[in-house]
Amino acid sequence: MSDGLRGLVRAKVDPGLRGLARAKINLGLRVGARRPDGFHELTSIFVRLAVADELSVSVAGVAPTTDPDADMLAVVGPRPTPDPADDLVLRAAALLRSHAARPLPALAFRLVKRVPVAAGLGGGSADAAAALTLAATAWGIELDPSDRRALAERLGSDVPFFAANVPAARVEGRGERITPLSAPTRLGLLLVRPPIDLLTAEVFAAYDALAAGPPPTSAGAPADTGLAPAPRLESAPLPGPGAWQPRELAASLREANDLWPAVARLWPELPTVRERLERDLGRPVLLTGSGPTLVALYPSLVGAREAAHRVNLPGATVIATRPA
Ligand code: C5P
């Protein structure tokens, strides 16, 4: 092999400049009161998945700069956000730049999107955590764990889980308290992402509106909104991660997403879609995070793959995957 070719091969496999941004699901999501900072206290079990976006980075410019807009991003597949200023990959790079507080060369990121966006699967947050790692490597910055945690927290509530680099965790607080758990590796997961985009902030706003109760009518009596009742704010504890038997786990977690009524308010077909899926798949179906992705659990990836053809929801994205 020529030196040039060897260099090319080495560059291609350099693990520091290419990374996977794995998605997550939530097994249960208990939501507490809205805090003064506008966020809600949460308790959830996050499980990292094999399905992932691919992020790579190269140094684009030789002249170091402190310009926070110097870094670039090319996206293959659906853009996580229409506004580049909101893009979590670029925000992660800009945040690390300002943390480093010295001129650094511009970075060019390339993101291959495979995780559905606005889906409750944490794709954007996973991209942000991967971008932090890759940018730090490209710039030769050694982030100590507490700085890494602090930067992750500033990028979003789900980012600390991904930045912790663990296969599963109990996640609490706004999302920053991470207690690692061992992963239920033998599980198969069928993700069904209905053709509707839900923004997390909108779902939490609907949650707050429901928790506040219906507005009084002019006569002073509560208005009959015909909506699902407000979720209980007293959170029952989630079942422990000990028993990962798919059917039992799914049945015990079916009602354990406190955001369900809020998602159903924004997307009233949710209960009907879930019932239809449960009938077609013959097992309980869970809502992950702020939705709208629905999840069925299987004893293996093969079982999830075999079930994929039974999903009959026009426009849905169907992905068979496993914890990873
Ligand atoms: O932190 P992140 O940007 O992902 O959150 C998006 C929105 O979701 C927040 O602006 C907030 O409205 C809501 N949120 C919340 N409580 C959390 C996490 C998110 O209210 N723990």
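I began at strand β4, where L55 stands opposite L111. Before going on, I noted that this is a predicted model, in which local features need pLDDT of at least 70, side-chain atom pairs count only at pLDDT 80 or more, and totals for chains, interfaces and linings use all residues. Residues are numbered from 1 along each chain as its sequence is written, and side-chain values use heavy atoms, with hydrogens and water left out.

**Entry: strands**

I took helices (H or I, at least four residues) and strands (E, at least two) as DSSP runs numbered from the N terminus. I called two strands paired if DSSP finds at least two bridges between them.

Next I followed β2 (residues 40-59) to β5 (residues 168-173), and found six bridges and an antiparallel course. S44 stands opposite V171 of β5 in the model. From β5 I moved on to β6 (residues 177-181), again antiparallel, with five bridges; A168 faces L181 of β6 as its opposite residue. Three residues lie between the strands of this hairpin, and G175 has a positive phi near 145° there. A reminder to myself: side chains in a regular strand alternate between the two faces of the sheet.

**Entry: the ligand**

Which residues are around the ligand? With "near" meaning a heavy atom within 4 Å, I listed G38, F39, H40, L42, G156, S157, R174, T200, A201 and F204. I sorted this shell into four nonpolar, five polar and one charged, counting Ala, Val, Leu, Ile, Met, Phe, Trp, Tyr, Cys and Pro as nonpolar, Asp, Glu, Lys and Arg as charged, and the others, Gly among them, as polar.

H40 has a polar side-chain atom 2.6 Å from a ligand oxygen atom. S157 also places a polar side-chain atom 2.6 Å from an oxygen atom of the ligand. With R174 the polar atom is in the backbone, 3.0 Å from a nitrogen atom of the ligand.

How much of the ligand does the protein cover? I noted 74% of the 450 Å² of accessible area that the ligand has on its own, by the Shrake-Rupley method with a 1.4 Å probe. Two or more residues of the shell come from each of β2 and α6 (200-211), and α6 gives the largest share, three residues.

**Entry: loops**

Where is P292 found? I located P292 in the loop between β8 (285-287) and β9 (294-298). The peptide bond that joins G291 and P292 is cis, with omega about 5°.

My last stop was A118, in the loop between β4 and α3 (123-139). A118 has a phi near 50°, a positive value in a residue other than glycine.

Notes: A polar contact is a pair of N or O atoms within 3.5 Å; within protein, one must be able to donate a hydrogen and the other to accept it, and residues adjacent in sequence count only if both atoms are side-chain atoms.
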